[in-house]
Amino acid sequence: MITRTRLAAGACALLAALAAGMAFPAGAVAGEPTGEDAPKVDLVLDVSGSMRTRDIDGGTRMAAAKQAFNEVLDATPEEVQLGIRTLGADYPGDDRKTGCKDTAQLYPVGPLDRTEAKTAVATLSPTGWTPIGPALLKAADDLDGGDGSKRIVLISDGEDTCAPLDPCEVAREIAAKGIGLTIDTLGLVPNTKMRQQLSCIAEATGGTYTSVEHTDELTDKVNQLVDRAADPVVTPVATEGADACAKAPTLKSGLYTDREEFGQQRWYRVDVEPGQELRASVSVGADRAVNPSYGVLLRAVTVHGREIVRGEAAGNGRTDVLSTGLRYPKQESDEEDAPAEAVCLQVTNSFSVASGVKTTPGLPLELTVDVVDGPGDSADVAAFGLGRGWWLLGLLVLVGFLAGLLWGWLSRWRFAIWRTN
(Lines give C-alpha, C1' and ligand atoms only; values in the text may rest on other atoms or scores of the structure.)
Protein backbone atom coordinates (compact mmCIF):
# COMPACT_ATOMS: atom_id res chain seq x y z
CA MET A 1 0.00 0.00 0.00
CA ILE A 2 2.84 2.40 0.90
CA THR A 3 4.62 1.56 -2.34
CA ARG A 4 1.49 2.29 -4.35
CA THR A 5 0.96 5.58 -2.53
CA ARG A 6 4.50 6.70 -3.22
CA LEU A 7 4.18 5.62 -6.83
CA ALA A 8 0.98 7.60 -7.26
CA ALA A 9 2.56 10.65 -5.61
CA GLY A 10 5.54 10.42 -7.93
CA ALA A 11 3.29 10.16 -10.97
CA CYS A 12 1.29 13.19 -9.80
CA ALA A 13 4.48 15.18 -9.29
CA LEU A 14 5.63 14.26 -12.79
CA LEU A 15 2.29 15.30 -14.24
CA ALA A 16 2.42 18.60 -12.35
CA ALA A 17 5.93 19.32 -13.59
CA LEU A 18 4.97 18.58 -17.18
CA ALA A 19 1.83 20.68 -16.90
CA ALA A 20 3.82 23.57 -15.46
CA GLY A 21 6.26 23.33 -18.34
CA MET A 22 3.40 23.56 -20.79
CA ALA A 23 1.59 26.35 -18.95
CA PHE A 24 4.64 28.56 -18.54
CA PRO A 25 6.71 28.38 -21.72
CA ALA A 26 9.72 30.48 -22.55
CA GLY A 27 9.28 34.20 -21.95
CA ALA A 28 7.91 36.42 -24.68
CA VAL A 29 10.03 38.92 -26.53
CA ALA A 30 7.45 41.56 -27.41
CA GLY A 31 5.49 43.11 -24.62
CA GLU A 32 7.91 42.21 -21.82
CA PRO A 33 8.11 44.59 -18.84
CA THR A 34 11.32 46.59 -19.16
CA GLY A 35 11.17 48.51 -15.91
CA GLU A 36 12.97 51.45 -17.58
CA ASP A 37 10.20 54.03 -17.07
CA ALA A 38 8.64 54.88 -13.73
CA PRO A 39 5.00 53.85 -13.21
CA LYS A 40 2.54 56.76 -13.37
CA VAL A 41 -0.75 57.27 -11.53
CA ASP A 42 -3.23 60.13 -11.97
CA LEU A 43 -5.82 60.42 -9.17
CA VAL A 44 -8.95 62.04 -10.63
CA LEU A 45 -11.24 63.40 -7.92
CA ASP A 46 -14.84 64.52 -8.30
CA VAL A 47 -15.21 67.90 -6.51
CA SER A 48 -18.76 68.60 -7.71
CA GLY A 49 -21.39 70.14 -5.44
CA SER A 50 -22.80 66.76 -4.39
CA MET A 51 -19.55 66.02 -2.54
CA ARG A 52 -20.91 68.25 0.29
CA THR A 53 -23.38 65.50 1.23
CA ARG A 54 -22.81 64.22 4.79
CA ASP A 55 -23.28 60.46 4.56
CA ILE A 56 -19.83 58.90 5.03
CA ASP A 57 -18.96 58.11 8.64
CA GLY A 58 -20.83 61.20 9.86
CA GLY A 59 -18.88 63.60 7.64
CA THR A 60 -19.03 64.89 4.09
CA ARG A 61 -17.89 62.90 1.09
CA MET A 62 -15.27 65.58 0.45
CA ALA A 63 -13.85 65.19 3.95
CA ALA A 64 -13.59 61.44 3.49
CA ALA A 65 -11.80 61.92 0.15
CA LYS A 66 -9.33 64.42 1.64
CA GLN A 67 -8.50 62.11 4.55
CA ALA A 68 -8.02 59.18 2.19
CA PHE A 69 -5.80 61.25 -0.10
CA ASN A 70 -3.57 62.36 2.77
CA GLU A 71 -3.03 58.76 3.89
CA VAL A 72 -2.45 57.60 0.32
CA LEU A 73 0.14 60.34 -0.28
CA ASP A 74 2.02 59.22 2.82
CA ALA A 75 2.05 55.59 1.63
CA THR A 76 2.84 56.14 -2.08
CA PRO A 77 5.97 54.15 -3.11
CA GLU A 78 8.97 56.29 -3.99
CA GLU A 79 9.21 54.88 -7.51
CA VAL A 80 5.65 55.92 -8.45
CA GLN A 81 5.11 59.24 -10.21
CA LEU A 82 1.76 60.53 -8.96
CA GLY A 83 -0.50 63.39 -10.02
CA ILE A 84 -3.92 64.73 -9.01
CA ARG A 85 -6.61 66.03 -11.35
CA THR A 86 -9.96 67.49 -10.32
CA LEU A 87 -13.32 67.77 -12.02
CA GLY A 88 -16.00 70.27 -10.98
CA ALA A 89 -13.68 72.14 -8.60
CA ASP A 90 -13.67 75.68 -9.99
CA TYR A 91 -16.90 76.74 -11.71
CA PRO A 92 -19.93 77.28 -9.41
CA GLY A 93 -22.33 78.67 -12.04
CA ASP A 94 -25.22 77.25 -14.04
CA ASP A 95 -23.81 77.50 -17.55
CA ARG A 96 -23.53 73.90 -18.67
CA LYS A 97 -21.04 74.56 -21.46
CA THR A 98 -18.63 76.22 -19.05
CA GLY A 99 -19.24 73.68 -16.30
CA CYS A 100 -18.41 70.79 -18.63
CA LYS A 101 -14.92 72.24 -19.20
CA ASP A 102 -14.22 72.39 -15.46
CA THR A 103 -11.29 70.03 -15.04
CA ALA A 104 -7.81 71.03 -13.90
CA GLN A 105 -4.50 69.47 -12.95
CA LEU A 106 -4.17 70.10 -9.23
CA TYR A 107 -0.75 68.44 -8.93
CA PRO A 108 1.30 67.42 -12.01
CA VAL A 109 2.26 63.80 -12.60
CA GLY A 110 5.85 63.39 -11.50
CA PRO A 111 8.08 62.78 -8.47
CA LEU A 112 5.92 63.27 -5.39
CA ASP A 113 6.39 66.14 -2.95
CA ARG A 114 4.04 64.93 -0.22
CA THR A 115 3.77 68.27 1.60
CA GLU A 116 2.99 70.21 -1.58
CA ALA A 117 0.43 67.64 -2.72
CA LYS A 118 -1.35 67.62 0.67
CA THR A 119 -1.47 71.41 0.67
CA ALA A 120 -3.10 71.37 -2.75
CA VAL A 121 -5.72 68.81 -1.65
CA ALA A 122 -6.55 70.87 1.47
CA THR A 123 -7.67 73.81 -0.71
CA LEU A 124 -10.43 71.83 -2.44
CA SER A 125 -14.07 72.72 -1.88
CA PRO A 126 -17.13 71.06 -3.54
CA THR A 127 -18.22 73.42 -6.30
CA GLY A 128 -19.70 72.51 -9.65
CA TRP A 129 -20.53 69.99 -12.35
CA THR A 130 -19.40 66.40 -13.02
CA PRO A 131 -17.53 66.38 -16.38
CA ILE A 132 -16.13 62.84 -16.12
CA GLY A 133 -15.59 62.39 -19.88
CA PRO A 134 -13.53 65.58 -20.36
CA ALA A 135 -11.55 64.84 -17.20
CA LEU A 136 -10.61 61.36 -18.46
CA LEU A 137 -9.40 62.78 -21.77
CA LYS A 138 -7.21 65.31 -19.95
CA ALA A 139 -5.95 62.67 -17.50
CA ALA A 140 -4.85 60.49 -20.42
CA ASP A 141 -2.82 63.45 -21.68
CA ASP A 142 -1.34 63.88 -18.17
CA LEU A 143 0.08 60.35 -18.44
CA ASP A 144 1.31 60.63 -22.00
CA GLY A 145 4.82 59.39 -22.77
CA GLY A 146 7.02 56.59 -21.47
CA ASP A 147 6.61 52.82 -21.52
CA GLY A 148 5.95 52.26 -17.81
CA SER A 149 2.56 51.33 -16.42
CA LYS A 150 -0.10 54.06 -16.51
CA ARG A 151 -3.16 54.11 -14.30
CA ILE A 152 -6.03 56.53 -13.73
CA VAL A 153 -7.94 56.19 -10.45
CA LEU A 154 -11.30 57.96 -10.74
CA ILE A 155 -13.21 58.74 -7.53
CA SER A 156 -16.75 60.05 -8.03
CA ASP A 157 -20.09 60.20 -6.21
CA GLY A 158 -22.32 60.59 -9.27
CA GLU A 159 -22.69 59.98 -12.96
CA ASP A 160 -21.42 62.33 -15.65
CA THR A 161 -23.52 65.47 -16.23
CA CYS A 162 -21.97 66.42 -19.56
CA ALA A 163 -23.59 64.07 -22.08
CA PRO A 164 -23.46 63.49 -25.04
CA LEU A 165 -19.72 63.06 -24.34
CA ASP A 166 -20.28 59.57 -22.94
CA PRO A 167 -17.50 58.59 -20.47
CA CYS A 168 -17.76 54.95 -21.61
CA GLU A 169 -17.07 56.00 -25.20
CA VAL A 170 -14.18 58.13 -23.97
CA ALA A 171 -12.72 55.13 -22.11
CA ARG A 172 -13.02 52.97 -25.22
CA GLU A 173 -11.25 55.61 -27.29
CA ILE A 174 -8.44 55.75 -24.74
CA ALA A 175 -8.13 51.95 -24.79
CA ALA A 176 -8.13 51.97 -28.61
CA LYS A 177 -4.99 54.11 -28.63
CA GLY A 178 -3.03 51.08 -27.37
CA ILE A 179 -1.03 53.07 -24.82
CA GLY A 180 -1.53 50.50 -22.04
CA LEU A 181 -3.53 52.81 -19.79
CA THR A 182 -5.87 51.31 -17.16
CA ILE A 183 -8.75 53.18 -15.54
CA ASP A 184 -9.97 52.05 -12.12
CA THR A 185 -13.14 53.61 -10.72
CA LEU A 186 -14.45 54.04 -7.17
CA GLY A 187 -18.03 55.02 -6.45
CA LEU A 188 -18.89 56.85 -3.24
CA VAL A 189 -22.30 55.74 -1.88
CA PRO A 190 -23.33 54.61 -5.37
CA ASN A 191 -26.69 54.39 -7.07
CA THR A 192 -27.55 52.00 -9.88
CA LYS A 193 -26.97 54.44 -12.76
CA MET A 194 -23.62 55.60 -11.41
CA ARG A 195 -22.50 52.03 -10.77
CA GLN A 196 -23.30 51.05 -14.36
CA GLN A 197 -21.40 54.02 -15.76
CA LEU A 198 -18.30 53.61 -13.59
CA SER A 199 -18.26 49.85 -14.24
CA CYS A 200 -18.44 50.49 -17.98
CA ILE A 201 -15.50 52.91 -17.81
CA ALA A 202 -13.36 50.41 -15.90
CA GLU A 203 -14.25 47.42 -18.09
CA ALA A 204 -13.36 49.32 -21.27
CA THR A 205 -9.70 49.54 -20.19
CA GLY A 206 -9.36 46.33 -18.16
CA GLY A 207 -9.67 48.17 -14.84
CA THR A 208 -11.79 47.54 -11.76
CA TYR A 209 -14.85 49.16 -10.20
CA THR A 210 -15.33 49.30 -6.43
CA SER A 211 -18.22 50.59 -4.36
CA VAL A 212 -17.08 52.55 -1.28
CA GLU A 213 -19.19 53.62 1.70
CA HIS A 214 -16.57 54.26 4.43
CA THR A 215 -13.41 56.34 4.66
CA ASP A 216 -11.15 53.42 5.55
CA GLU A 217 -12.47 51.46 2.53
CA LEU A 218 -11.61 54.37 0.26
CA THR A 219 -8.12 54.69 1.73
CA ASP A 220 -7.39 50.97 1.47
CA LYS A 221 -8.60 50.69 -2.13
CA VAL A 222 -6.74 53.73 -3.44
CA ASN A 223 -3.57 52.54 -1.67
CA GLN A 224 -3.99 49.14 -3.28
CA LEU A 225 -4.37 50.62 -6.75
CA VAL A 226 -1.37 52.93 -6.36
CA ASP A 227 0.75 50.03 -5.10
CA ARG A 228 -0.43 47.91 -8.02
CA ALA A 229 0.96 50.50 -10.43
CA ALA A 230 4.44 49.82 -9.05
CA ASP A 231 4.20 46.09 -9.82
CA PRO A 232 5.89 44.89 -13.04
CA VAL A 233 3.32 44.61 -15.81
CA VAL A 234 3.39 43.30 -19.33
CA THR A 235 2.19 45.98 -21.72
CA PRO A 236 0.86 44.54 -24.99
CA VAL A 237 2.50 45.82 -28.15
CA ALA A 238 0.03 47.60 -30.42
CA THR A 239 -0.25 46.04 -33.86
CA GLU A 240 -2.69 46.22 -36.74
CA GLY A 241 -3.87 43.05 -38.40
CA ALA A 242 -4.66 42.95 -42.11
CA ASP A 243 -7.73 41.82 -44.03
CA ALA A 244 -5.75 39.10 -45.82
CA CYS A 245 -2.85 36.79 -45.04
CA ALA A 246 -0.66 38.27 -47.78
CA LYS A 247 -0.84 41.72 -46.18
CA ALA A 248 -0.54 40.57 -42.56
CA PRO A 249 2.21 41.85 -40.25
CA THR A 250 4.82 39.29 -39.17
CA LEU A 251 4.83 38.81 -35.39
CA LYS A 252 7.42 37.28 -33.10
CA SER A 253 6.83 35.76 -29.66
CA GLY A 254 5.04 38.26 -27.46
CA LEU A 255 1.80 39.87 -26.39
CA TYR A 256 -0.05 42.10 -28.84
CA THR A 257 -3.17 44.25 -28.82
CA ASP A 258 -5.42 45.25 -31.69
CA ARG A 259 -9.00 46.36 -32.41
CA GLU A 260 -11.42 44.26 -34.44
CA GLU A 261 -14.67 45.54 -35.89
CA PHE A 262 -17.85 43.51 -35.45
CA GLY A 263 -17.85 40.50 -37.77
CA GLN A 264 -14.40 41.42 -39.09
CA GLN A 265 -11.43 39.14 -39.86
CA ARG A 266 -7.92 40.02 -38.75
CA TRP A 267 -4.81 38.30 -40.14
CA TYR A 268 -1.29 37.98 -38.69
CA ARG A 269 1.78 35.97 -39.77
CA VAL A 270 4.27 34.00 -37.70
CA ASP A 271 7.46 32.28 -38.96
CA VAL A 272 7.88 28.75 -37.59
CA GLU A 273 11.17 26.88 -38.04
CA PRO A 274 11.26 23.08 -38.45
CA GLY A 275 11.29 21.51 -34.98
CA GLN A 276 9.49 24.45 -33.39
CA GLU A 277 5.98 24.70 -31.98
CA LEU A 278 3.62 27.64 -32.41
CA ARG A 279 1.35 28.36 -29.46
CA ALA A 280 -1.18 31.15 -29.92
CA SER A 281 -4.21 32.38 -28.02
CA VAL A 282 -6.61 35.26 -28.53
CA SER A 283 -9.04 37.10 -26.25
CA VAL A 284 -11.75 39.44 -27.49
CA GLY A 285 -13.45 41.68 -24.94
CA ALA A 286 -17.10 42.75 -25.04
CA ASP A 287 -16.54 46.29 -23.80
CA ARG A 288 -20.13 47.34 -24.55
CA ALA A 289 -23.58 45.76 -24.55
CA VAL A 290 -23.64 42.92 -27.10
CA ASN A 291 -26.28 40.49 -28.25
CA PRO A 292 -26.19 36.94 -26.82
CA SER A 293 -24.84 33.96 -28.75
CA TYR A 294 -21.46 35.01 -30.09
CA GLY A 295 -18.14 33.35 -30.76
CA VAL A 296 -14.44 33.77 -31.50
CA LEU A 297 -12.47 31.66 -33.98
CA LEU A 298 -8.66 31.42 -34.21
CA ARG A 299 -7.27 29.53 -37.22
CA ALA A 300 -3.73 28.68 -38.28
CA VAL A 301 -3.47 28.25 -42.05
CA THR A 302 -0.72 28.02 -44.62
CA VAL A 303 -0.03 30.93 -46.97
CA HIS A 304 -1.97 28.93 -49.58
CA GLY A 305 -5.07 28.83 -47.39
CA ARG A 306 -4.93 25.22 -46.14
CA GLU A 307 -6.14 25.01 -42.55
CA ILE A 308 -3.63 23.50 -40.12
CA VAL A 309 -5.42 23.77 -36.78
CA ARG A 310 -8.14 25.85 -35.17
CA GLY A 311 -9.49 26.89 -31.80
CA GLU A 312 -12.94 28.31 -31.15
CA ALA A 313 -15.10 29.41 -28.25
CA ALA A 314 -18.70 30.55 -27.84
CA GLY A 315 -20.49 32.75 -25.30
CA ASN A 316 -24.07 33.39 -24.30
CA GLY A 317 -23.86 36.97 -23.03
CA ARG A 318 -22.73 36.14 -19.50
CA THR A 319 -19.03 36.73 -20.07
CA ASP A 320 -17.16 39.93 -20.94
CA VAL A 321 -14.12 38.21 -22.47
CA LEU A 322 -14.03 35.25 -24.85
CA SER A 323 -10.75 33.37 -25.33
CA THR A 324 -9.48 30.47 -27.40
CA GLY A 325 -6.10 29.09 -28.46
CA LEU A 326 -4.23 26.59 -30.60
CA ARG A 327 -0.93 24.67 -30.87
CA TYR A 328 0.92 23.73 -34.05
CA PRO A 329 4.17 21.68 -33.91
CA LYS A 330 6.30 21.97 -37.06
CA GLN A 331 7.99 18.62 -37.64
CA GLU A 332 11.77 18.32 -37.91
CA SER A 333 13.14 18.33 -41.45
CA ASP A 334 15.80 16.06 -42.92
CA GLU A 335 17.22 19.08 -44.75
CA GLU A 336 19.89 20.96 -42.82
CA ASP A 337 18.85 24.39 -44.11
CA ALA A 338 15.12 23.88 -44.29
CA PRO A 339 13.35 27.25 -44.53
CA ALA A 340 10.92 28.56 -41.95
CA GLU A 341 7.23 28.17 -42.68
CA ALA A 342 5.02 31.24 -42.64
CA VAL A 343 1.88 30.42 -40.68
CA CYS A 344 -1.09 32.77 -40.97
CA LEU A 345 -3.28 33.37 -37.93
CA GLN A 346 -6.86 34.38 -38.64
CA VAL A 347 -9.07 35.88 -35.90
CA THR A 348 -12.81 36.07 -36.56
CA ASN A 349 -15.64 37.12 -34.25
CA SER A 350 -19.41 36.86 -34.44
CA PHE A 351 -20.31 39.60 -31.94
CA SER A 352 -23.25 41.86 -32.75
CA VAL A 353 -24.95 44.79 -31.04
CA ALA A 354 -28.46 46.14 -30.79
CA SER A 355 -29.57 49.21 -32.70
CA GLY A 356 -28.18 52.41 -31.22
CA VAL A 357 -25.01 50.85 -29.74
CA LYS A 358 -21.86 52.25 -31.30
CA THR A 359 -19.68 49.79 -33.18
CA THR A 360 -16.58 51.98 -33.24
CA PRO A 361 -13.92 51.72 -32.09
CA GLY A 362 -13.72 47.98 -32.64
CA LEU A 363 -13.63 45.36 -29.92
CA PRO A 364 -10.37 45.07 -27.94
CA LEU A 365 -8.34 42.07 -29.07
CA GLU A 366 -5.34 40.62 -27.26
CA LEU A 367 -3.16 38.09 -29.05
CA THR A 368 -0.44 35.97 -27.44
CA VAL A 369 2.15 34.36 -29.71
CA ASP A 370 4.83 31.97 -28.50
CA VAL A 371 7.23 30.06 -30.75
CA VAL A 372 9.24 27.50 -28.76
CA ASP A 373 11.34 24.44 -29.45
CA GLY A 374 9.10 21.50 -30.21
CA PRO A 375 8.81 18.72 -27.62
CA GLY A 376 11.55 16.10 -27.91
CA ASP A 377 11.12 12.42 -27.11
CA SER A 378 12.01 12.89 -23.44
CA ALA A 379 9.86 15.97 -22.97
CA ASP A 380 6.81 14.75 -24.83
CA VAL A 381 4.02 13.74 -22.45
CA ALA A 382 2.85 11.04 -24.84
CA ALA A 383 6.37 9.53 -24.94
CA PHE A 384 5.88 8.38 -21.36
CA GLY A 385 2.47 7.02 -22.17
CA LEU A 386 0.91 9.59 -19.85
CA GLY A 387 -1.36 10.72 -22.64
CA ARG A 388 -2.93 7.26 -22.77
CA GLY A 389 -1.96 5.83 -19.38
CA TRP A 390 -0.65 2.51 -20.79
CA TRP A 391 2.56 2.42 -18.79
CA LEU A 392 0.73 3.09 -15.53
CA LEU A 393 -1.86 0.43 -16.33
CA GLY A 394 0.89 -2.07 -17.15
CA LEU A 395 2.72 -1.23 -13.94
CA LEU A 396 -0.43 -1.74 -11.88
CA VAL A 397 -1.07 -5.11 -13.56
CA LEU A 398 2.50 -6.21 -12.80
CA VAL A 399 2.30 -5.06 -9.18
CA GLY A 400 -1.05 -6.82 -8.79
CA PHE A 401 0.34 -10.04 -10.26
CA LEU A 402 3.37 -10.03 -7.95
CA ALA A 403 1.20 -9.18 -4.96
CA GLY A 404 -1.10 -12.11 -5.83
CA LEU A 405 1.86 -14.51 -6.04
CA LEU A 406 3.21 -13.29 -2.72
CA TRP A 407 -0.18 -13.56 -1.02
CA GLY A 408 -0.70 -17.08 -2.42
CA TRP A 409 2.71 -18.22 -1.19
CA LEU A 410 2.07 -16.77 2.29
CA SER A 411 -1.34 -18.42 2.43
CA ARG A 412 0.08 -21.85 1.50
CA TRP A 413 2.89 -21.43 4.02
CA ARG A 414 0.46 -20.57 6.83
CA PHE A 415 -1.79 -23.48 5.83
CA ALA A 416 1.19 -25.87 5.92
CA ILE A 417 2.17 -24.70 9.40
CA TRP A 418 -1.45 -25.09 10.60
CA ARG A 419 -1.59 -28.70 9.38
CA THR A 420 1.77 -29.46 11.01
CA ASN A 421 0.55 -28.15 14.36
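What share of the 421 residues in the chain do buried residues make up? Buried residues account for 43% of them, where buried means under 20% relative accessible area, exposed over 50%, and partly exposed in between (1.4 Å probe, protein chains only).

1. Basis. This is a predicted model, in which local features need pLDDT of at least 70 and side-chain atom pairs count only at pLDDT 80 or more, while totals for chains, interfaces and linings use all residues. Residues are numbered from 1 along each chain as its sequence is written, and side-chain values use heavy atoms, with hydrogens and water left out.

2. Overall make-up. The chain has 9 helices and 17 strands; helices (H or I, at least four residues) and strands (E, at least two) are DSSP runs, numbered from the N terminus. Of the contacts between residues at least 6 apart in sequence, 76% join residues at least 24 apart, a contact being heavy atoms within 4.5 Å. The accessible surface of the chain is about 21700 Å², with 53% of it belonging to carbon and sulfur atoms. Accessible areas come from the Shrake-Rupley method with a 1.4 Å probe, and for residues only the protein chains shown count as cover.

3. Helix α6. Helix α6 (residues 167-176) is largely enclosed by the rest of the structure, because 7 of its 10 residues are buried. These are Pro167, Cys168, Glu169, Val170, Ala171, Arg172 and Ile174. The buried residues of α6 pack against α5 (132-142), β7 (181-188), α7 (192-204) and β10 (254-260).

4. Salt bridges. The structure holds 18 salt bridges, each defined as a side-chain nitrogen of Lys or Arg within 4 Å of a carboxyl oxygen of Asp or Glu. In one of them, aspartate 74 meets lysine 118 at 2.5 Å, N to O. This pair links distant parts of the chain, 44 residues apart, with aspartate 74 in helix α2 and lysine 118 in helix α4 (residues 114-122). Aspartate 74 is partly exposed at 47% relative accessible area, and lysine 118 is partly exposed at 24%.

5. Glutamate 277 and arginine 279 form a salt bridge with their closest N and O atoms 2.7 Å apart, and both residues are buried. Arginine 310 and glutamate 312 also meet in a salt bridge, at 3.7 Å, N to O. Here arginine 310 is partly exposed at 40% relative accessibility, whereas glutamate 312 is exposed at 55%. Salt bridges that share partners join Glu169, Arg172, Arg259, Asp287 and Arg288 into one network. Two members of that network, Glu169 and Arg172, are among the buried residues of α6.

6. Negative patch. Asp57, Glu71, Glu213, Asp216, Glu217 and Asp220 form a negative surface patch. Patches are made of residues with over 30% relative accessible area and no salt bridge; like charges are joined within 9 Å, and nonpolar side chains (Val, Leu, Ile, Met, Phe, Trp, Tyr) within 5 Å. Lys and Arg count as positive and Asp and Glu as negative, while His and the chain ends are not counted. The place of a charge is taken as NZ of Lys, CZ of Arg, CG of Asp or CD of Glu. Helix α8 (residues 215-230) contributes the largest share of the patch, 3 residues. Glutamate 217 lies in that helix and is partly exposed, with a relative accessible area of 36%.

7. Alanine 64. Alanine 64 is in helix α2 (residues 61-75) and is buried, at 4% relative accessible area. Leaving aside neighbours within four places in sequence, alanine 64 contacts Ile56, Thr215 and Leu218.

8. Nonpolar patch. Leu406, Trp407, Trp409, Leu410, Trp413 and Ile417 form a nonpolar surface patch with about 690 Å² of accessible area together. Leucine 410 is found in helix α9 (residues 390-420) and is partly exposed at 32%.

9. Backbone points to check. The peptide bond from threonine 360 to proline 361 is cis, with omega near -5°; proline 361 is in the loop between β16 (341-349) and β17 (363-373). Aspartate 57, a non-glycine residue, has a positive phi of about 55° and lies in the loop between β2 (54-56) and β3 (59-60). Serine 293 also has a positive phi, near 65°. Serine 293 is in the loop between β12 (276-285) and β13 (294-302), and counts as exposed at 61% relative accessibility.
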